Every structure is written in C-alpha cells, then in structure tokens.
Amino acid sequence: MATTQPAPLQRPGRSAPPPSASARQRARRANPGSWLLPGGLIVLLIVAWQLITQYTHWVQPYVLPQPWDVVARMAQDPSMLFGSFRVTLTEVLVGFVLGSLIGVLIALPIAYSPSVRNTLYPLIIASQAIPKIAIAPLLVVWLGLGWTPKLTVVALMVFFPVAMTSVQGFSSVDRNLIDLLRSVYAPQWQVFLKVRLPHALPHIFSGLKIGITLAVVGAVVGEWVGANSGLGYLLLHANSMLDTTLLYASLVLLVVMGVVLFALMEIIERVLMPWQEPQRPPPVTA
Amino acid sequence: MEPSRAGGVAVRAVSKQFESRAGRQTAISGVDLKIAPGQFVSLLGPSGCGKTSLLRIIGGLMEPSTGTVSVDGGSVADAVRARKFGFVFQDATLLPWRTVRANAMLLLDVIGRRGEEARVDALLETVGLSDFTNHYPAQLSGGMRQRVALARALALDPEILLMDEPFAALDAITRERLGVELLGIWDGARSVVFVTHSIAEAVLLSDRVVVMSTSPGRIVADVDIEIARPRSGSVRSSEPFKAYEDQLRGLIEGVRA
C-alpha cells in the first residue's frame, strides 16, 4: 500500500462557490443592455416611418399607412384581428408540435443506423426541395379545407430542420464516451436517456428555433390556398380590398407571433439546459 | 503492497489488422503478454506502435484479428459483463450538464448501482476534488477534469484500470504532478495497464514497462522496474530511476534505428 499523499492543490477559486441555478438566471436577467440597442433601433424606425408618412407625401397611404393608423385599426376591430390571430396561432402550435415530434422520431433511426440514413435521406431532402406553396393546393385537394392541410404544411416545414439538427445531435456524442459506456456494458436505453438525449438537446433546440419561425410561414401558406379565417386569410382579403392598414395590422400580428414564439423557445432552452450558460465564472486552475 | 483480488490478463498471439484505403494495415502483430493480478504495467512506445489498439483489445472495445485474450481465466466479453474494467482516456469526456460528483457517478448510474454516494465522495477527496464536487466541468481546469475521469473509473471499483495516455493532453507541469498523485491513489488492489509515450511517467508508475515498436506493433522489451514502493516524486532524481530511463530510451531508439 502506497502512503504517498496526493500533492496539495492550489485553489485560487475556492472562496467562490458555484453559483446556484437561480443566481445564474438572475445574473442573466440583470443585463438589460442587450435589449437596448435592438429595441432602440425598432422604436427609431417606427418613429421615422410615422413622421415620413404623416408629414410628407413621398408615399401614398395605400402603399404605406401611418403606424398610428395601423394601431388604431387594431383597436377598432380587435375581435376580428385577434380571432384570426388565435386561429393561426393554433395552427402554428399544433403543426409545430406534430412536425417536431416527427422530426425527432425520424432522426432516431437515422442516427442509429447508416442503412436507414442512406435509405431515408434522399426522400427527406426531396421533400424539402418541393416548394410548400406548390403542394399546398394539392394538400387541399387531398385533405379538404379543414385544419388538416394547414397543419400538414406547418408540420412539413418544421420537421426538416428539427430532423436534420436532431440527427446531428444524436450522432455527435464523443466516440470515447460511447466506448466508456460500452466498456461497462451499459444498457442502450440508459445510454440514450443519460447521454445521447441530453447531448442532442442543444442541437434539437437550434432546429426547433428555426422550425418555430417556419411554422408561422407554413400556417400563412396553408391559409392562402384555402381558408376562411386566420391571419393569412385576412392578409389575402385585405390585399384584394386594397385595405393596406388591415394588411399591415395582420403583418404586425404575424411578426409579434413569430418573435414571441421564438423568445419562448429560447426561454425553454435555458430552463432545460442551464449548463449551456454563456456567462460562467472563469475556470478554476489546478 | 496488499494482495489483490483478481485482474490477471493473458494476451496470446494477438494480431490486429485494419482495412484502410492504403490497403491492409497491421497495427499489432504476434503480441504475447501476461499481466499478474495487481500489477502496474505500462505500454511504452512511439505513436503508431499499436499500444492503444492493444489496450482496447484487452478492454473488449476492439476484437483481435487473431489470437486470444483472457481475463482471470475467462473471456474478455465475460469480464466486460462482470464490469471488471475501468477506462480513462486522453480526454476526460465529462458531461457538461453533470456536476463533478454526478460525472463521477455516471457509470454507476447507467449500470443501476445505487447508494454509493459516500464512496464516490471519498474517491473525489482522494483525487483532490472534495471542494469541487458541485462544480461543472466548464469551471474546471484540464488537470481537474482528468481527475474526475479517474474518479469515475475508480468508482466502479474495477479489477483492471485501463488508462490510454491519460495525462497526454495536459501541460507538462500538471502532467508530472498528476503522475505523482497517481502513485498515491493507486492502492495496488487492482491491475493497471497504462499506455504512455513518456519514459519518465512509465518508470515512475510501473512495476513493469513493456516497450513496443512500430510497423508492425510488437513487443520488443519487457523491463521490470525494481524501485521499492511506496515511491514519491523525488524518486525521479535517484540513480536507479535515471538508469531505467536510459535503458528504456536506448531500447526505443534501437527500435527506431
């Protein structure tokens, strides 16, 4: 039995205990500077837009209405606009959940088996090469005018980025780590649950964040080819009536929806993966 | 040194070929090696001598092309199922979402061994990490991460510890320090197969140094290091230590010539 003790370590960082999760979240929230510049830019652009449309005759109101008129239009007919908002939001969310589930589930066999990967890849890439707007009318023929064609378009748009990033995530586990787990005869499902899935999460989330913005596009496309409600339908309707304020009001709501959903995904990502923390204390040296 | 439980390895006439674009490559050829239970054996040689392949074959991560390996008289597959091996690689490969303690417990977790927190904490203290059990890997230096990887392997209480250049990615000073620490951590209750290309590291740690040559990888010398244990870092400036270093250097250079 050897009696040599490990040499004492230098611990310059020992006075600072690791920050708790909530402390780290607080640190993140207490950084309003990151919102100041983009927020200021948006306010500046809207103010410029308001001034130009209000005090000059450079553009006709039916081309570019005043921002204030757009807001007034929303206030004037809130039930129609927000009713449409609710319809589109439902399509986006349900289609997004469906598309993401399909994306992650299809990624599993692809990541685990090279032959499945070779078999499915051309098909999946072909499915993305087809413009969704081109097959949307066909979907209406197949599936009718109800919810299904819209959800299908949304799911079709969402599943691709989610599938691609998930494949990458599930396959990107360090070779040595997999060897280490093999060397202790670890059950496959344990390896999946404790290593592969958490390892893939950041990748999956980058796909989900792309997917959520595409989902809004998908819902609008779905509504364009056959719908009698929703913001996409309202957009077409307003366009045909040359009702530019209504058109802009719908657009604003779509943008708000996309941005809020994207931000929501980021929040979920941070809650699920606190270790993906950009602000870390400096490394402790040994 | 205490008598060990088990962990004897017998490698008989093992060769390994790889298919590559350049054709058939022989990584190791005709290797015979017996490791007694509780022995610390280093595989020493230049890059490409097949020492890592040999280690992976012993640990069941790779099949030999020809030849056999037995562990405690049984097959390697049985030894893997009985969880007799503990691996440490050059990279710590810690999970960034697990704390130091949770990383050290990972292998116990995935094989369903519960209730060994106290033992793992004791191990973390042995490797000098008791103040860092709740830190995340990103908060640690390379040397500390490698200590966690060592604790993770020891947590299994393996009969055979397989270490593949575990300190090679570290800076020279940390590397030396960890080598000396490993002297104190290794309790002689398990065999160790230690792959390295550092002569000093091999002499410091080993009961026996097996020198390998390149293309094809084979064993060219097997040197017993008869320096009394317990050893400490100061042994490196002793005459016998330098004599062993010179002997091994001569063997390696003879191989290259």
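This is a predicted model: local features need pLDDT of at least 70, side-chain atom pairs count only at pLDDT 80 or more; totals for chains, interfaces and linings use all residues.
Residues are numbered from 1 along each chain as its sequence is written, and chains are lettered from A and ligands numbered from 1 in the order in which they are written. The model as a whole has an ipTM of 0.88 and a pTM of 0.78.

**Chain A: confidence**

Colour chain A by pLDDT. Its average is 84, and 85% of the residues score at least 70. Select residues 1–27 of chain A: pLDDT stays under 50 there, and the model has 45 contacts beyond four places in sequence for this stretch. Two residues are in contact if their C-beta atoms, placed from the backbone, lie within 7 Å. Next select residues 278–286 of chain A, where pLDDT also stays under 50 and the contacts beyond four places in sequence number 22.

Show helix 4 (residues 78–112) and helix 9 (residues 188–225) of chain A. They pack at an angle of about 135°, and their axes are 9 Å apart; axes are lines fitted to C-alpha atoms, for helices over the stretch in contact, and angles run from 0 to 180 degrees between N-to-C directions. Helix 4 of chain A is therefore oblique to helix 9 of chain A, since angles under 35 degrees count as roughly parallel, over 145 as roughly antiparallel, 65 to 115 as roughly perpendicular and the rest as oblique. The crossing of these two helices is right-handed, a term used if the near helix is turned clockwise from the far one by less than a right angle, with left-handed for anticlockwise.

To see the contact, pick residues including Gly95(A), Phe96(A) and Gly99(A) on helix 4 of chain A, and Gly207(A), Leu208(A) and Gly211(A) on helix 9 of chain A. By class, this contact has nine nonpolar, nine polar and two charged residues. Ala, Val, Leu, Ile, Met, Phe, Trp, Tyr, Cys and Pro count as nonpolar, Asp, Glu, Lys and Arg as charged, and the others, Gly among them, as polar.

**Chain B**

Move to chain B, with a mean pLDDT of 90 and 97% of its residues at 70 or more. Colour domain 1 (9–84 + 159–256) and domain 2 (95–157) of chain B separately; such bounds come from an automatic or database domain assignment. Their C-alpha centres lie 25 Å apart, and the contact takes nine residues from domain 1 and eight residues from domain 2. Helix 7 (residues 172–185) of chain B gives the most to the domain 1 side, with three residues.

Finally, zoom in on two loops. Pro230(B) lies between strand 10 (218–224) and helix 9 (239–256) of chain B, and a cis peptide bond joins Arg229(B) to Pro230(B), with omega about -5°. Arg83(B), between helix 2 (76–81) and strand 6 (85–88) of chain B, has a positive phi of about 55° although it is not a glycine.

Technical notes
pLDDT is the predictor's confidence in each residue, from 0 to 100. Helices (H or I, at least four residues) and strands (E, at least two) are DSSP runs, numbered from the N terminus.
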